[in-house]
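Here are my notes on the model, as numbered points. Please read them with the structure open.

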Amino acid sequence: MLRLPAFEFQPARSVDEAVTLLGEHGDDALPVAGGTDLYANMKLGLFAPRVVVGLRSITALRSIRFDPQHGLRIGALCSLDAIVREPAVAEHYPALAQAAAMVGTPEIRNMGTIGGNLCLETRCNYFNQSAEWRKAMGYCLKRDGNLCRVALHSDTCKAINASDTAPVMHAYDARLSLVGPRGERTVNIREFYQNDGAHANVKRADEILTEIALPLPARGTRSSYRKLRLRKAFDFPLLGVAVAVATDAGGSCTQARIVLNAVGSAPLEVEAAGAILLGTHLGEEIAADAAEEVFKAGKPLENANASLLYRKRMLRVIAQRTLEDVIAPLR
Amino acid sequence: MGKNGASHSGSHVVGAPLPRIDGYAKVTGAAIFADDMALPRMLFGKLLRSPHAHARILSIDYARALRIPGVVAIAIGSDLPIRYGILPSAQDETVFAIDKVRYVGEPVAGIVAEDELTAQTAAALVDIRYEVLPSVMSIDAALLDVDGNGEKIHPDSRRDNNVHKEVHLTFGDLDAGFADATRIFDDEYFFEGNTHAALEEHSAVASCGADGKLTLWSSTQTPHYLHRVASAVLELPASRIRIIAPPVGGGFGGKTEPVAHELAAAYFSRKTGRPVKFTLSREEVFYTHRGRHPVRIHLRTGIRADGSISACRVQTWLDGGAYGSYGVATTYYTGALLPVTYKMGAYAFDGCRVYTNKPPCGPKRGHGTTQPRYAFESQLDEIAKELGLDAGAYRAAIAIDPYSRTVNHLRVTSCGLREALSAVSERTGFSDKHGKLAPGRGIGLAASAYLCGAGLPIYWNPMPHSGAIVKVDRGGGVTIFCGTSDCGQGSQNMLAVIVAEALGVDVLDVSVCSGDTDLTPVDLGSYSSRVTFMAGNAARSAALDVRERIAVVAGAELGIAPERCAFENGRVFDRKNPDRALSFIDAARATEARFGTLAGVGSYTPPADLHGDFKGSGVGPSPAYSYSACVAEVEVDFETGEVRVERIVLAHDCGRALNPRIVEGQIEGSAYMGMGEALMEESAFRNDLHRIPNLLDYKTPTILDTPRIDAIVIETKELEGPYGAKEAGEGPLNPVIPAIANAVADAIGRRIYATPITPERVLQALDGTAGPLRLRAPIAMKTT
Amino acid sequence: MSIAPSKILATLRVNGRDATLAFHPHATLLEVLREELRLTGTKHGCELGQCGACTVIVDGTPVLSCLTLAAEAIGRSVETVEGLAVDGTLHPVQRAFLELGAAQCGYCTPGFLNAAVHLLEKNLEPSEAEIRDALAGHLCRCTGYTKIVEAVALAGRRMRASIDG
């Protein structure tokens, strides 16, 4: 059977201990939370750290706290399942509950953490393969090679961000706390991701993601997440659309965020689509106009389990449907 | 009686929905599959596989790998040079490639080490130099003559191209048949390849004693064929080899022929004197393959004014992958069974299998009949529509009759096709819905027939296809010895049910010793849906052999003629006066006292008159055929192209259902597997590589993608089957795929001429960017 | 092998019993259960979290043993298929799987059983949709899932009846 390469396992009991261990071992170490992403990748020979720092025992990072003044604070080690079951999430951040519930399988959601899902390694048909397969195909820019096999002339890796929760967190304007040897810093999720599949976020090797803070949504906010996939379980998104809109008492749209995933190495906010909705009374026609902007903005490549033409075409359809999710209750 | 056991004895066993006897071990984790075995001092093996689809091997240097601590032995092609193959006509593989490699993933070397990780690590240090050759990755490319830059995949073939096998058969006067037709339908279809993806990854454990006797446990559906091939390849008399098939974690045809890791385990165990285990990774299972052939199908059907088929011509092109495997049989099967379902005036079949640089294709559930069945039932739907006839009623009108001969001379016995058709129609209200549902909703129907075992063995021999021994212990326990392999289909239970019924004993008093070439008489294996019919008959006749002797002794004790002895509920009694009785145990003991050791033997050989007398007549005949009909209901999303199957109703004529629950299970599993093939499963390649060799990207339906499945058991009385039984393992799959295709056509008003019916294909059909496949001029097939 | 770090000596609590043994830090729970403790009822079909066959219960939650280190299971309670039957009496879910034929080849069965038992511990009256959702992480190639869904529902009914009774 497929086995993990040899490594030292160092469980950390606190954030400090984890950061110290990561600092000590530098590039030889990787942190692990739920393990569903890292261990699978390690079995494929994609990573071979000498030391794996286990975060699971840091119980302090497992709380979810909701405060009607400030919003939600989620410890990075909360399981995706715990988020699905949290009443405050369902009530105030329903798209997050939807997205978390669509990740992988029940077992993956029991094991996988929100922090892990946000730090999910970018994915690509040419990357998520065994060492033997990649050798046979020829290595790629993301690992061991110098050519992006999806975009031959690209000097950056085009692996895709396939985190279901990332676009939703973006739509909710999340702030992420990163703790490293030099202390804690907070970054907005917009700054957390960068559109380079080989360096998909700004978390440094000696930092860990500790907490995600979501501001209280404006009154009248509605949100939804939809994902395109070929099977109703297991599958990563071929395309995901997160929408959060707020309306005032008169039904006029005061805030609109439409964020895509699985079309690039980072979640993509389609600001032009949001702009179309602002100030309007949300309706089907205006949703179609916004979906058109989504269609124009999203540029999938040939690196997932459906053709880029199909994924491109589905941008409009999934965007329209996700927008209708938040519009329908208004009518 | 254990606390969990269910008691049932003869004359109540056949037809009862009892728990399968091997179910107890399977729900407790106690069943020992091949990879569950661990022997003292066992080594672990790893195969090093080719990174090239087509290349000459220039040199192999494994000195560096051999120096890794923990590595015990390494072998390459020249260490095991004897060619083998499942069919005598295709002895084209070696354990490790010699001189050249023919697909990415082909084994080139084997390494055994103290642990698996070490073997894996060392594999990366074997230095192999290749000269890469142009690869052949499609049927079209394989049909071309090889030019100066290329090389044939099998250079020793007599052809100028990469064609492996051609078949041309004509029955009746085809020209007259087409002349007789008022309408001719001419279509081309493409059935994509796919794979078995049984949950258990193949595993083999070999142990060679100091006496030179080798034991090989392998997750194989065909222990007997492995026995023969191991003997040939290892150059070891078969008498020194013992093959044991433990419970197999799913087969579906994927474990029906000897493959490299089994033979490598045996080789290394002999070489090192230690037990050796090889368990494939999931990716390696995809390379081992032997799955469904991609097939291009050209179908020309002539219809008389009354709707009957005057003539039918089928042409198939099979993408066989790099080696022969069962491919010659597969090729014949793409033509052999269409006439078993429907009457035809004349029939012609041309088949052509090509080699390509892909993992070898072979048999998957429905072996070679699935692809043309999809095409034929799709075309029949269009014919019925043109004629303005109900799709179910039309099929019933042209259905083959029981106890008849097909146009290709096959003998048909019992046939529940019409019953199956009306069962699925009635259950679903098909006629009221077909063509009448709202846009986006559709209902489709299809039918099919399948073998109950191939009428001829894979290698010619005059011996039985299946043998069994039934032994009775002094404590009343009954043991059946039979060379079958249970891959989940329920053959252990089937044997126990038949023998319990024959001897009138509790089914839990029957033990089955199967798939062990030292202990069990030969059964050819779990393929071609042959086990219930053939091993079942062998076991029944072995049990009757025992019963006859007991009846002589018991009859004497009861003062009646042996024929008056009945066997039920653990008793032997006077049929005319049931109170006059002996217990089965007393009767068995008395019989042993009188005649000595109480064991009976039985065997089964199919009748000789099943087929016509022509070259190629050996593929297709079977002692009986099962019949199936299916209705699928679907909903299609016009925007995304997604097809949601809402319901599958599948009726199957299995003769007598020995255990209706197991038959239902086979029908339900067939519905599911057919649905996967219809909608999402495909062996996809990119740049010479399998694009998706894992269970995340190769899509098998999850529980959330699988709809309600209604299994309908249709019972006919098959006079030659054991207690009237026929097969249920493969046949029910075949109508599912065209039923779904027909339902999609009903839903969207357009036909999709290829599988799988992906969302993209649905949208292309709706857009009108993909209509009927472009009919190519039929390629002139060269005769051998 | 020289590259392997030294083994950890630890105690694992499996099916209610403590077992002290040595294993590599990189050994998965799957490997240690099967190869060290010889609890081979836990199966594997991909070792990448893509099939669900290796599911065991850790601290009351179904997890994939192929993606869990044995080292991460130290101090936690692990339950495998071997622990389901008590004193030789099948768990109601096992009995229902047996009676309805929900196990064919039986290879995916231990994973399904663990997920199903976990579901019924929380909900003895699951709807069909709830059953399917709970078992969505398990691939089966034999059954079409039909009898598995029926067996879980049947076990739930029986467990309810035995509580009510």
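1. Start with the hairpin of β11(A) and β12(A), which has six residues between its strands. In the turn, A262(A) has a positive phi of about 65 degrees. β12(A) covers residues 268-269 and runs antiparallel to β11(A), with two bridges joining them. L260(A) stands opposite L268(A). Strands here are DSSP runs of E with at least two residues, helices are runs of H or I with at least four, and both are numbered from the N terminus. Two strands pair if DSSP finds at least two bridges between them.

2. A word on the basis. This is a predicted model: local features need pLDDT of at least 70, side-chain atom pairs count only at pLDDT 80 or more, and totals for chains, interfaces and linings use all residues. Residues are numbered from 1 along each chain as its sequence is written, chains are lettered from A and ligands numbered from 1 in the order in which they are written, and side-chain values use heavy atoms, with hydrogens and water left out.

3. β11(A) also forms a hairpin with β10(A), with five residues between them. G251(A), in that turn, has a positive phi of about 90 degrees. The strands, β10(A) at residues 239-247 and β11(A) at residues 253-261, pair in the antiparallel sense over eight bridges. A244(A) has R257(A) as its bridge partner. Is β11(A) mostly covered or mostly open? Mostly covered: seven of its nine residues are buried. Buried means under 20% relative accessible area, exposed means over 50%, and partly exposed lies in between (1.4 Å probe, protein chains only).

4. Elsewhere in chain A, strand β3 (residues 51-54) is covered on both faces. V51(A) and V53(A) are buried on one side, V52(A) and G54(A) on the other. β1(A), residues 8-11, runs parallel to β3(A) and is joined to it by four bridges. E8(A) stands opposite V51(A). β2(A), residues 29-32, also pairs with β3(A) in the parallel sense, over four bridges. There, L30(A) has V52(A) as its bridge partner.

5. Chain C has a hairpin to check. β3(C) (residues 55-58) and β4(C) (residues 61-64) pair in the antiparallel sense over four bridges. V58(C) is bridged to T61(C). Two residues lie between the strands, and D59(C) takes a positive phi near 45 degrees.

6. In chain B, five strands form an open sheet of mixed pairing, in the order β7-β15-β14-β13-β8. Its edge strands are β7(B) (163-171) and β8(B) (183-191), each pairing on one side only. The twist averages 10 degrees from one strand to the next. β7(B) and β15(B) (residues 344-354) run antiparallel, joined by eight bridges. L169(B) has F349(B) as its bridge partner.

7. Which helix lies across β7, β14 and β15 of chain B? Helix α9(B), residues 327-336, running at about 150 degrees to β15(B). Axes are lines fitted to C-alpha atoms, for helices over the stretch in contact, and angles run from 0 to 180 degrees between N-to-C directions. Contact means heavy atoms within 4.5 Å.

8. Chain B also has a three-stranded open sheet, β4-β2-β6, with antiparallel pairing. β4(B) (100-101) and β6(B) (127-132) are the edge strands. β2(B), residues 55-61, pairs with β6(B) over six bridges. I57(B) stands opposite Y130(B).

9. Y84(B) sits in the loop between β3(B) (71-76) and β4(B). Is Y84(B) buried or exposed? Y84(B) counts as buried because its relative accessibility is 3%. Leaving aside neighbours within four places in sequence, its contacts include A90(B), V229(B), P258(B) and L263(B).

10. S491(B) is found in helix α15(B), residues 491-503. S491(B) has a relative accessible area of 2%, so S491(B) is buried. Beyond its neighbours within four places in sequence, S491(B) is in contact with T484(B), S485(B), D486(B) and V531(B).
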